[in-house]
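Dear colleague,

I am passing on the structure we spoke about, together with some notes on its charged side chains.

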Amino acid sequence: MKNFFKLLTLSVALAFALPAGTDAYVVKYKEDYYKLYHVHYAQAPDDCIENIWWLEQAVKADFANPLYAMAKIETHEQWEKYRFLFQMHVNLKLIEQHLRLGRVYDKQVAYFYDAPWKDEYLRNLEKAKTCYQAAYYYWREAKLWAEKASISQYNFLYITDLQNWEDERERIVTSELDYEKTLDREIARLDKVIAQYQEMDSKNY
């Protein structure tokens, strides 16, 4: 009973110690969800999955008022281009996260001595392939938004606060950045590794 009252007293004390009028932060707009995306130096699968979820929510949510945009917005044209660049950039980040997640399960080379564990490797390789294949959708979306942000009326309009997004847009429209080629290459290599494992005999390696 004494422990119960001690616990009750502590709970009441903590309740009164909390600052009055504290409000919970509501995650509602695209910019809010994007700010929750983060990259660790050593990124575990759970980190990638969490980031993919935040970025997916950012794609689907509404934009905040231009006053709270991630760049200084003064005109309707700037606001429109900002929205196109935002969608493009988030889709590029989704590609990066799917590639990171896929590489967790990827096996670059099939060694003959892997034969006893071939089934496990094959399951992981299929997970990697699923991640890489999913990234094609985001690449198509990123290209679409980059094209919208590159129409003639924006030729001399730059969102200078987001120069890296502008650079991404330029690299896409000039084909310097082409994730389709990257994904094609990764999947072709992966298919060869899968075929090598499928041909292995775990009893005679």
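**Salt bridges in the model**

K129 is buried, its relative accessible area being 18%, which falls under the 20% cut-off used for that class. Please bear in mind that this is a predicted model. The side chain of K129 forms a salt bridge with that of D191, with an N to O distance of 2.8 Å. This pair links distant parts of the chain, since K129 belongs to helix α5 and D191 to helix α7, 62 residues apart. D191, for its part, counts as partly exposed, at 32% relative accessibility.

Because R189 lies in helix α7 (residues 179–199) while D106 sits in the loop between α4 (76–105) and α5 (118–148), the pair ties together parts that are 83 residues apart in sequence. D106 counts as buried, at 11% relative accessibility.

A further salt bridge joins R169 and E170, whose closest N and O atoms are 3.6 Å apart. Here R169 counts as buried, with a relative accessibility of 8%, whereas E170 is partly exposed, with a relative accessible area of 38%. Both residues belong to a network of salt bridges that also links K81 and E166.

For the overall count, a search of the whole structure finds eleven salt bridges, those described above among them.

Terms used. Residues numbered from 1 in each chain as written. Predicted model: local features only at pLDDT ≥ 70, side-chain atom pairs only at ≥ 80, totals over all residues. Heavy atoms only, no water. Salt bridge = Lys/Arg side-chain N within 4 Å of Asp/Glu carboxyl O. Helix = DSSP H or I, 4+ residues; strand = E, 2+ residues; numbered from the N terminus. Buried < 20%, exposed > 50% of the residue type's maximum accessible area, 1.4 Å probe, protein only.
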